[in-house]
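I opened this notebook to keep track of what I looked up, entry by entry.

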Amino acid sequence: MVAASSTKSISVTLRVWRQSGPKELGQFKDYSAKDLNPNMSFLEMLDVVNDELTARGEEPIAFAHDCREGICGTCSLTINGKPHGPGKGIATCQTYMRSFHDGDIIVVEPFRAAAFPLIKDLVVDRTSFDKIMQAGGFITARAGSAPEANGLPVPKGDADRAMDAAQCIGCGACVAACKNASAMLFVSAKVGHLGLLPQGQAERDRRVLAMVNTMDEEGFGNCTNQYECSAACPKTISHDFIARLNRDYLSASLRSAFRPEAASTGGGGA
Amino acid sequence: MATLDSKIPSGPLADKWRKHKTDIKLVNPANKRKYEVIVVGAGLAGSSAASSLADMGYKVKCFVFHDSPRRAHSIAAQGGINAAKNYQNDGDSVYRLFYDTIKGGDYRAREANVHRLAEVSVNIIDQCVAQGVPFAREYGGLLANRSFGGAQVSRTFYARGQTGQQLLLGAYSALSRTVGAGLVELHTHSEMLDLVVVGGHAKGVIIRNLITGEITRHSADAVVLATGGYGNVFNLSTYARGSNATAIWRAYKRGACMANPCYTQIHPTCIPVSGDYQSKLTLMSESLRNDGRIWAPKKKEDRLKAPADIAEADRDYFLERIYPSFGNLCPRDVASRAAKRMCDEGRGVGETGLGVYLDFSDAIKRLGENGVRERYGNLFDIYHEITNESAYKQPMRIYPAVHYTMGGLWVDYNLMSNVPGLFVLGEANFSDHGANRLGASALMQGLADGYFVIPYTVGDYLAGQKPGSRPSADGAEFKAAADSVSAMSKRFLDTKGKQPVSYFHKKLGKIMWDHCGMARTKEGLESALQKLPALREEFNATVNVPGSANTLNQSLEQAGRVADFIELGELMCRDALTREESCGGHFREEYQYADGECKRDDEKFGHVAAWEFQGAGKTPLRNVEALNYEFVKMSVRNYK
Ligand SMILES: Cc1cc2nc3c(=O)[nH]c(=O)nc-3n(C[C@H](O)[C@H](O)[C@H](O)COP(=O)(O)OP(=O)(O)OC[C@H]3O[C@@H](n4cnc5c(N)ncnc54)[C@H](O)[C@@H]3O)c2cc1C
Ligand code: SF4
Ligand code: FES
């Protein structure tokens, strides 16, 4: 069974969102992509289409990408209405043409959300995620101040669970998939990751309050427990982390109401 | 001629860094905020540097071309990070990590730098754990380790198959904290297109905003480049598509020497090329060699058979056969060349014949499918997505691919280039890996440079600069650099030729892979040195860059990067041609032992070659920094 994959070529029509700038009007335009090797990735297919557009003197389609192996979180296409396309637990760049059929019409749009303003064509601005991280997505540990690593054992179960959450690639598919454009899954992944570790306790209250408040300020919507986010997430981050976030937020709010200094410290031990 | 003073402190190897730290000049805390440092890049090296310098009190401006620092290519590192913790009680020590790295680098790195790296490796793990990096743990809650190539101890720390991701997110969180606290001014979507040198010192950068196209000038008291490696010269590589050489190349053209550009690492375990549309090659982490066994069919006629139909006796586990004591865990350059030899003999597998098997059937028997899934599940998933094949059911097909560049801008022991005030960290410098990097040591180096070296050494330079003496960004040097950057964009846009940028990148990649790849010859390199200037001419005359300079224009970004790659490719070939020996990743077919191993020439080439730009169209100058081995004896590497 060497090279089991079929190499019968396919042709498709792309219906692509074109918008030359944030203030311009956008529209769908059709492009045909012919004789594609099904082992091509979706982004490689766009590369080929773009070279053809360039040759015809048209501007190529702007799309965001970098690692092309599902880890950097840059790629961000909504394909046939689904953020990151038809596959489960993968990013746009891990989508291969073998997921489509000859003659398909494929609709390609950017990740749409008010908190992700459009830059051009399929590229959006996700700076709002950075802002949330800057507000509290960290454990304060200046270089040079760290104690011996094995001084603090972490139960394997907690470490594994923290890692499950820490795998978030910050792509924003959860936001694009949510009808409220909520960033709860993204925020809950970071709050869960750091909150599950003993190192993260000191700033636990401060972190959750600051991250959630910034999320609201940045214009993300509320979570109404539809869980479209987990379904679209390329790292299948579980919505259980959202429940955990809600609990953390509630207890941090209570503690900070009774004891305002908790908002600026951990409060984890209270 | 550039002055290359390595500034290696005197004294016993193990005392050099400690002594240097106490000898180094300090900046008075009250003065720190009067100094401004520019950090370009926010991968492991850049984010750790920017946050550490900010925590110390310097004003920091950080620029990245990505939309967020979290996207840096470091995110993609899979396997792990080395540290001499000796948690496994298997005889590891700082000296052993030092020695393995020196030997792995085929005796072409500086002893003092490598020893320092091994010393601070232990602090890196402490630092990352304190930040909340979720490293793998044992049931008792202590940190777990795995083995990596080129070592006989188990010293690699990991976070599933996503170690780089977790380390980068740790460094990114530290950077985010300092940005949030107003200590670092972060500029995303900002590409550095030139270095500004004033009075012989690096004092600023020219930045293009990738969304608006605006060109801005920024002055500083010191400039730190942490812009990653240049493996995309080869077009197909395991690098992210955006990784590029522009920052270091433009710094080279402003006088910084480029050291050992021909030292590139070809990683043995990558998914083979499948078609000409391909945009990147995907690494299958070296950690897989802990449990996977590499083989090729003994008989040529078996190469297209299903692997299950090839009898055990007809399989050649060639690494175990040739290198019995390191077996599947021999260093990358050795493993890659061995795989190439099997394919050259006509025993390569897969349609193209450019592949060998990486087989997990023994591991599955021993650990069960779930045991293997626990260790490598995500890698097996990646393999399946790309090839549509299950590595639980049949062996992976792998082939070597370009993965890392050991060469880079020349730096002294303080990580400062020959242009005073210009510091270079991480993969962008040449410093620690000699002619071949061992697995799990790039992450270590990036974080060592950023967290533990630059915070000391930048102060040593700044202490000699008067606070408030940095030049204004309105000065003539700034204006000239900004104008030349704008002119370059205009030239690309005005050419209006026939070929997209990708055409040139593919063509360049093929020339480099054929002539400056896994095996190099005088003849091949000379022919590449004919082809590359011709390619440059063709690019200048016929490139087609649509659109304008004042919007997001990905073709324009790519044009600048590929133009630089073509020029750098030429320097790599020149460096490979003049280094008439084989060492580590640099294999010249003329210089090998009868068994195909590298034949070094320590007498003539026991040195660093640092190339100095002499002007467009002129042959660059080859400067030499002798490598003085005081503590280790340069010997023939032996992994048998
Ligand atoms: C697939 C893969 C797996 C790997 N696995 C391992 C491993 O297991 N262990 C290990 O030790 N090493 C591994 N490596 C190597 C290691 O990941 C890299 O060497 C290391 O991460 C490089 O870090 P860096 O900080 O120097 O650069 P990068 O992470 O590449 O960061 C470069 C930064 O510079 C910025 N930049 C670049 N140019 C410009 C410019 N002109 N203007 C503005 N900004 C710019 C980018 O935006 C980015 O922020 C792996 C490499 C690859 C390709
Ligand atoms: S939670 Fe999932 S979908 Fe949301 S940003 Fe993280 S990886 Fe992307
Ligand atoms: S391009 Fe990096 S995740 Fe898709």
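**Helix 5 of chain A**

I checked the length of helix 5 (residues 184–195) of chain A first: at 1.5 Å a residue, its 12 residues should span 16 Å, and the end C-alpha atoms are 15 Å apart, which agrees. The expected span is 1.5 Å times one less than the number of residues, and helices (H or I, at least four residues) and strands (E, at least two) are DSSP runs numbered from the N terminus.

I noted that this is a predicted model, in which local features need pLDDT of at least 70 and side-chain atom pairs count only at pLDDT 80 or more, while totals for chains, interfaces and linings use all residues. Residues are numbered from 1 along each chain as its sequence is written, chains are lettered from A and ligands numbered from 1 in the order in which they are written, and side-chain values use heavy atoms, with hydrogens and water left out.

I then looked at burial (under 20% relative accessible area is buried, over 50% exposed, partly exposed in between, with a 1.4 Å probe and protein chains only). In helix 5 of chain A, 12 of the 12 residues are buried, so the helix is largely enclosed by the rest of the structure; among them are Phe186(A), Lys190(A) and His193(A).

**The sheet of chain B**

I found an open sheet of 5 strands in chain B, in the order 11-15-14-12-13 with antiparallel pairing. Strand 11 (264–270) and strand 13 (315–316) stand at the edges with a single partner strand each, so one side of each has no neighbour in the sheet. Strands pair if DSSP finds at least two bridges between them; strand 12 (residues 293–297) and strand 14 (residues 356–359) of chain B are joined by 3.
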